[in-house]
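We will walk from the whole chain down to single residues, with a stop at each ligand.

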Amino acid sequence: MKANRPKRDVHPDLARERLKCNFNIEEVTNIIDGGKDKTLERKKIEDIALNNGACLDEIPDECLSIKERYENAIRKSCIYSNIVRNEMLEITGMENFESPVLRRTADAFFKDISPFMLHLGMFVPTLIGQSTPEQMAEWLPKALDMKIIGAYAQTELGHGTFIRGLETTATYDPDKEEFVLHSPTITSYKWWAGGLGKTANHCVVMAQLYTQGECHGTHLFIVQIRDLDTHMPLPGIKVGEIGPRMGFSSADNGFLGFNSFRIPRQNMLMKHAKVEKDGCYVKSAKHGKLTYGTMVFIRVTLVSEMSFNLSKAATIAIRYSAVRRQTELRPNEPEPQILDYPTQQHKLFICIATAHAFQLTSKWLWDTFQAVMADVRKGNVDALPELHALSSCLKAVSTSDALSHIEQCRFACGGHGYMLSSNLPFIYSFVAATRTYEGDYTVLLLQTARFLVKAWEQAESGNNVTPTVAYLNRTANTKRVVWDNTHEGIIQSFQAIAAGKIGQCVRSIRDRIKSGMDYEDAWLMTTVQLVAAAEAHCRAVLVNTYWNEMIRLTKSSSANVKTVMHQLAVLYLMYWALEKTGDLLKYSSVSKQDLDDLQRRYEELLAALRPNAVSLVDAFDLRDEILHSSLGSYDGCVYERLMEEAQKSPLNAEPVNPSFHKYIKPLMQGKL
Ligand SMILES: CCCCCCCC/C=C\CCC/C=C/C(=O)SCCNC(=O)CCNC(=O)[C@H](O)C(C)(C)COP(=O)(O)OP(=O)(O)OC[C@H]1O[C@@H](n2cnc3c(N)ncnc32)[C@H](O)[C@@H]1OP(=O)(O)O
Ligand SMILES: Cc1cc2nc3c(=O)[nH]c(=O)nc-3n(C[C@H](O)[C@H](O)[C@H](O)COP(=O)(O)OP(=O)(O)OC[C@H]3O[C@@H](n4cnc5c(N)ncnc54)[C@H](O)[C@@H]3O)c2cc1C
């Protein structure tokens, strides 16, 4: 089902906007992509994947039934996987299966989500991160070649957050050298895994390992759940889909139960801990939490995923705002483009800046992740707690911020933003899930808080702390930082806010203990503050990293690119300083006058960025196929597209709906 898309002239308002641009768009695109060569590679891959129109649908996804949507998603997933396998991986290299380019092109095929997403997104990374070399040799080629399709089944009906509370058991039977997987209760059923319901024939299962009569906690197992030929569930397996949800409609999120289901001993993923043939358990020599590695990996990748989703929403809302005109400012004058309203700019320019902040931070986080993993491979796990703290808070804050900014983009598009054809509701519901999955927002910030409290205690006693909390060594014993409205001053204020909040948490915990509480209760009573402290720490990391990376990456840029990238970063700092005025008043010497000045400078910056707004979203270089939006296409022909999409509504297939004759007419005639 290929759809032909009419070619249209660019809307004159958008054409005028593009003439106003004063910087080199391609240079900015190169910065976002990570270099000119990366942009060229991305474009080449996008051409291969998208130019033949296989990604386009005749009938919009939203007009299909649940079953049709799933079947269409499978059809396209197979086409897409074939392109990835045969053409794209050749360019990126097999080892770069998680390349952001693959993720971007996948979005052109799936307005919602591919049922295969979790195969490449979590199943394959788990094989890579948790297998022995022998297991990798056995499973990875099959998985990359789509000979087997996998899911990641960790969460259960009764537990998601508290992994240690999972109930599925894997009991070793040394006589047969097998594990027996069992779901002892209804709450132990696996629940939520993407692709598990109808698509996957294998999955990674997290279960409590029992051997020689002892429980050794949760471990990972690879399990075949369906026959490779008939696709029927194997005896002892109960599997299905969990039912309609807010988004992820074509991901066939599934449930899974085991009735004493046997798997060979070799199916325990044994990179970090092992069970010998005789049942002897050998625990990980390095770190007990290395089995959580896939989650850390995905948390790291989610920061760039948030940048991508926000850049899509911002592109849609800004192009629409350049075309949409509303309200006479003065009698008989033309209605302005809504993008000219400073309130609209306030809603939207922060979205562009945040997409950059997340993109640059995500590259830095990815490099940090790679470096820590290289150390872990050499047996050094010293940096793991810091990586866990960092990836937890950046995942929490980036998903939460992206979600609220995407909602602002929808608000910025008025009623039309509510249309599914705008794609904003899809982007929103997709991102809404990210705040919960891979670790709920609050839960992850509390993980970071544990690390911060320890770091505070170290800094307080004069010891040096790890790099991302090094600011504690400077600020732990300072009451209030002196306000300074330069970028350095604002960054230092964010660090002072974080340090002040962490310090206050430590004092609260200590006071509560002094008044008779035990540590656990004192911690629990302080968790509202601890979440706020971890968020503040994350903001300090974000502003600092974004600024430093922006300076580093624009060193050899042309003058106007430097200026516009600088403006975006300053906008980001000012926006958050103004959002956090209460904290600034508490932890810095900022005065009312300073805040009024900051507000004025912020408003001037919105005006300065206005002429470049459309070109800044053009620099995200998102093809129309990826945007899927009646409001956001490059040509800006918003009204034509809205009308065209409306015609596709199944309700418009016939002039009179049969329900008229069945119900309305009898009602009108008093015959019902
Ligand atoms: C191709 C690329 C594609 C990208 C695609 C992006 C789009 C993807 C589309 C869809 C994907 C949807 C997929 C969704 C999948 C899932 O959701 S999978 C399930 C994820 N589940 C979770 O994240 C659960 C969250 N819970 C936890 O992580 C943990 O339970 C916990 C909250 C961290 C607590 O764990 P636990 O109880 O075991 O630990 P504690 O005893 O409390 O802590 C002991 C110490 O260990 C430290 N710790 C915990 N975790 C880690 C870790 N991962 N690494 C290092 N250290 C860790 C913890 O802080 C304690 O330290 P301390 O004692 O020093 O304080
Ligand atoms: C779209 C989607 C896809 C998913 N895909 C997968 C998948 O592929 N594989 C998989 O295994 N799982 C998957 N999940 C499950 C997901 O990982 C969990 O839902 C998530 O980790 C949250 O756990 P929970 O549902 O148990 O929430 P709960 O932990 O029950 O959280 C409920 C509330 O309690 C709060 N809370 C919980 N514990 C604490 C605490 N200690 N302190 C303070 N507050 C707390 C939370 O903040 C939250 O507000 C998916 C979920 C979604 C929504």
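A quick word on what you are viewing. This is a predicted model, in which local features need pLDDT of at least 70 and side-chain atom pairs count only at pLDDT 80 or more, while totals for chains, interfaces and linings use all residues. Residues are numbered from 1 along each chain as its sequence is written, and chains are lettered from A and ligands numbered from 1 in the order in which they are written.

**The whole chain**

Switch to cartoon view for the 23 helices and 11 strands of the protein chain; helices (H or I, at least four residues) and strands (E, at least two) are DSSP runs, numbered from the N terminus. The radius of gyration is 27 Å, close to the 26 Å from the globule rule for 672 residues, so the protein chain is as compact as a globular protein of that length. That radius is taken over C-alpha atoms, and the rule is 2.2 Å times the number of residues to the power 0.38. Along the principal axes, the C-alpha atoms fill a box of roughly 90 × 75 × 60 Å.

Next, select C203, F221, A314 and C409, which touch the most other members of the 190-residue largest nonpolar core. Such a core is a set of buried Ala, Val, Leu, Ile, Met, Phe, Trp, Tyr and Cys residues joined through C-beta atoms within 7 Å. Helix α8 (residues 293-323) gives the largest share of this core, 17 residues. Domain 1 and domain 2 both contribute residues to this core, so it lies between them.

Zoom in on C409. Leaving out residues up to four places away in sequence, C409 touches A313, A314, I316, A317, L348, C351 and L424; contact means C-beta atoms, placed from the backbone, within 7 Å.

**Ligand 1**

Which residues are closest to ligand 1? Select I163, Y292, H388, Y437 and G439, the closest of the 31 that surround ligand 1. A residue counts as near if its C-beta atom, placed from the backbone, lies within 6 Å of the molecule. The largest share of this shell, 5 residues, comes from α6. By class, the shell has 14 nonpolar, 10 polar and 7 charged residues. Ala, Val, Leu, Ile, Met, Phe, Trp, Tyr, Cys and Pro count as nonpolar, Asp, Glu, Lys and Arg as charged, and the others, Gly among them, as polar.

**Ligand 2**

Move to ligand 2, where Q154, T155, G160, T161 and T442 are the closest of 22 surrounding residues. Two or more residues each come from β1 (150-153), β4 (190-193) and α12 (441-460), with α12 giving the largest share, 3 residues. This shell has 10 nonpolar, 10 polar and 2 charged residues.

**Two backbone stops**

Finish with F248, in the loop between β7 (237-241) and β8 (254-258). Its phi is near 55 degrees, positive in a residue other than glycine. N423, in the loop between α10 (384-412) and α11 (424-434), has a positive phi near 75 degrees.

Key
Buried ≥ 20, exposed ≤ 12 C-beta atoms within 10 Å, placed from the backbone. Domains from an automatic or database assignment. Contact = placed C-beta atoms within 7 Å.
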